[in-house]
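I opened this notebook to record what I looked up about aromatic rings. My entries follow the display.

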Amino acid sequence: MKLQTMTPADDWEPAPDTEDAVLALGKRDYEFHVWGGDWCIDCEDQLPAFGAALEYAGVDDDRIQHYPTEKEDDGSKTGPGVETYGIEFIPTVVVEHDGEEVARFVEAAEESIAVTLGRKLRSATAAE
């Protein structure tokens, strides 16, 4: 099942000075695991731009896994992979390369999901 909130925003463009970070998302065969809920306000605000950024970076849809989550009465999240990956907040995006986690975005940051992850990925590859 796909998250509707991952439908790329039509009006998205990289912010000034962020294009290199966004393009880093497509530099390797990264796998993107996205937890969210179409009912979630944070997901509605952030995931359409992230979907557009992945498209801009040339990331194929088959490298993006969607994990729709639900919220229990106590606020905990349930759904595929929630326990395995330790998902507590959404949106959460885990980036893997060769089966290893290389970056993670959880709920919010000063910059967008794409820029936050892109900067982490650029730093990780520079350290290699």
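I looked up Phe50 and found it buried, with a relative accessible area of 2%. Buried means under 20% relative accessible area, exposed over 50% and partly exposed in between (1.4 Å probe, protein chains only). I noted that Phe32 is buried as well, at 0% relative accessibility.

The model is predicted: local features need pLDDT of at least 70, side-chain atom pairs count only at pLDDT 80 or more, and totals for chains, interfaces and linings use all residues. Residues are numbered from 1 along each chain as its sequence is written, and side-chain values use heavy atoms, with hydrogens and water left out.

I checked the confidence, pLDDT, which the predictor gives each residue from 0 to 100. The protein chain averages 94, and 98% of the residues score at least 70.

I then counted five aromatic pairs. Rings of Phe, Tyr and Trp (its six-membered ring) pair if their centres lie within 6.5 Å; planes under 30 degrees apart count as stacked, over 60 as edge-to-face and the rest as tilted. Phe32 and Phe50 form an edge-to-face pair, 6.2 Å centre to centre with 65° between the planes. Phe32 lies in strand β1 and Phe50 in helix α2 (residues 41–56), so this pair ties together parts 18 residues apart in sequence. Helices (H or I, at least four residues) and strands (E, at least two) are DSSP runs, numbered from the N terminus.

Next, I recorded that Trp35 and Tyr67 are stacked because their ring centres are 4.4 Å apart and their planes at 15°. Trp35 is buried at 0% relative accessibility, and Tyr67 is buried at 16%.
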